[in-house]
Amino acid sequence: MLEPYDAKGIQCRVKLDANESPYPERLSAGLLKSIKTNRYPDPLAEELRRAFAKRMLPAKLRDISGILHGNGSDEIIYNLICAFGGPVVYPCPTFTMYGKIAQALGEKAVEVPLGPDFDIDDRQIIRAFRKEKAKIAFISRPNNPTGNSFSEEKIVNIIENVKGIVVVDEAYQAFSGENSFLSRLGKYENLAVLMTLSKVGLAALRIGFLVANPDLINEVNKTRLPFNVNSFSQAIAVRALEGTGLGEGVKKIIAERDRVFRELGKINGIAVFPSDANFILFHSPMAEGIYRGAIREGVLLRNFCGPMNGYLRVTIGSRNENDAFLKAIKNRKIWAEGPV
Ligand code: PMP
C-alpha cells in the first residue's frame with residue numbers, strides 16, 4: 001500500500017530531523033519588491049539555470065540545454081519516471097521517494113539490499129535491472145540515510161552494464177570529499193546527475209536540477225509543468241547563487257559533522273557510521289528511547305521503522321544546536337523509553 005512521505009509535524013526547539021541547513025539566506029526587501037506578482041514566472045528559469053551552472057557546474061557543463069529545473073529535486077524524480085516509465089531499481093535503504101513516486105505512477109519499484117558497510121551491490125543491481133527490464137536506477141551518493149558514498153567503480157559498473165537511465169542523486173555532494181559524477185557526464189549518454197539547493201540553505205525555495213545530455217533533458221522536460229518554479233524562488237536563488245553564504249555554511253557544517261561524529265563515538269551503547277553528508281546515522285538498541293527522550297529535551301531526530309529499526313539520524317545543525325543534541329544524548333537518563 002502507498003504510504004505518504006513521513007514528514008512529521010512535531011515541533012521542537014532544535015530541529016535536526018530533515019537534513020536542512022541551519023543557515024538561512026538573508027532576504028532583502030528590495031529583492032522581494034522587484035517581483036511582479038501579476039506575471040507568471042519565467043517558465044524556462046533561464047537566469048536561474050545560468051546562475052546555477054556558473055556557481056555549481058564545471059565550465060564544460062554550463063550549456064543550459066543540459067540542465068532541467070524542478071520544484072525540488074523530488075519533482076524531477078517524478079518527471080524522470082513519467083518520462084521513461086518503470087520498473088525503477090534502487091538500493092535499500094535509501095531515499096524513500098524513489099519508491100513512493102514509482103508506486104504513485106503505477107510503476108514497479110524494485111529494491112536491492114545494500115551490501116556490507118552499506119556499499120551498493122552492483123552485481124545485484126545489474127541483475128535486477130536486466131531481469132525486470134527496468135528503465136531507471138536511482139543511486140543516492142552520498143546515500144540518505146546511511147551517509148556513505150557508494151564505491152565509484154561499482155556505480156560505473158552499473159552505468160556501463162544496464163540498458164537504461166542511471167540517475168546519480170548528489171543531493172549531499174557538497175558535504176562530500178569524493179568526486180562528483182558530473183565529470184563523467186560527457187562519457188555516458190545514460191547517466192544523469194540530480195542536484196538540489198535544499199541542503200545548502202534554500203530548502204524553503206524548492207529548487208532542484210537535473211544535469212545530463214540535452215537529448216535526455218529534452219525527454220524529461222516534456223513531463224514538466226510549465227511554471228513549476230515560482231518567481232520568488234527563482235529570484236532568491238539567483239541572488240544566493242551569486243553570493244558567498246551557501247559555501248560558507250557548507251564548510252561550517254562539515255567541521256561540525258566531524259566534531260559530532262567524534263563525540264558520538266565516545267558514547268557507550270551507540271554505533272556511529274562515518275558520513276559524507278550533512279547528517280550522521282547511528283544505531284542503538286535503545287533508539288526509540290533516545291528518540292523520545294531527545295524530544296522531551298527539545299531535540300527532534302529522525303527515527304526509522306522496518307529494516308532500519310534501531311537506527312537514528314541526526315542532521316548537523318549550528319554549533320549550539322549540536323551541543324543541545326550532544327548534551328541530551330549524553331544524559332543516559334533520557335534513554336529510558338517514556339511518553340514524548
Ligand atoms: N534526494 C535525496 C537523496 C534526498 O535525501 C532528498 C531530500 N531529503 C531529495 C533528493 C529531495 O530534495 P528536494 O526535493 O528538497 O530537492
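Mentor: Let us begin with a pair of helices: E47, L48, A51, F52, R55 and M56 of α2 meet Q234, A237, V238, A240 and L241 of α8, where contact means heavy atoms within 4.5 Å. By class this contact has 8 nonpolar, 1 polar and 2 charged residues; Ala, Val, Leu, Ile, Met, Phe, Trp, Tyr, Cys and Pro count as nonpolar, Asp, Glu, Lys and Arg as charged, and the others, Gly among them, as polar. The model is a predicted one, in which local features need pLDDT of at least 70 and side-chain atom pairs count only at pLDDT 80 or more, while totals for chains, interfaces and linings use all residues. Residues are numbered from 1 along each chain as its sequence is written, and side-chain values use heavy atoms, with hydrogens and water left out.

Trainee: Why are α2 and α8 called roughly parallel to each other?

Mentor: Helix α2 (residues 46-56) and helix α8 (residues 231-242) pack at an angle of about 25°, with their axes 9 Å apart. Angles under 35 degrees count as roughly parallel, over 145 as roughly antiparallel, 65 to 115 as roughly perpendicular and the rest as oblique, and therefore α2 and α8 are roughly parallel.

Trainee: What makes α9 roughly parallel to α11?

Mentor: Helix α9 (residues 245-265) packs against helix α11 (residues 319-330) at an angle of about 10°, their axes being 11 Å apart, and that makes the two roughly parallel. On the α9 side the contact is made by E256, R259, V260, E263 and L264, and on the α11 side by R319, N322, D323, F325, L326, I329 and K330. These residues divide into 5 nonpolar, 1 polar and 6 charged.

Trainee: What is said of the peptide bond from G86 to P87?

Mentor: That bond is cis, with omega near -5°, and P87 lies in the loop between α3 (73-84) and β3 (88-92). A cis peptide bond also joins R141 and P142, with omega about -5°.

Notes: Axes fitted to C-alpha atoms, helices over the stretch in contact; angles between N-to-C directions. Helix = DSSP H or I, 4+ residues; strand = E, 2+ residues; numbered from the N terminus.
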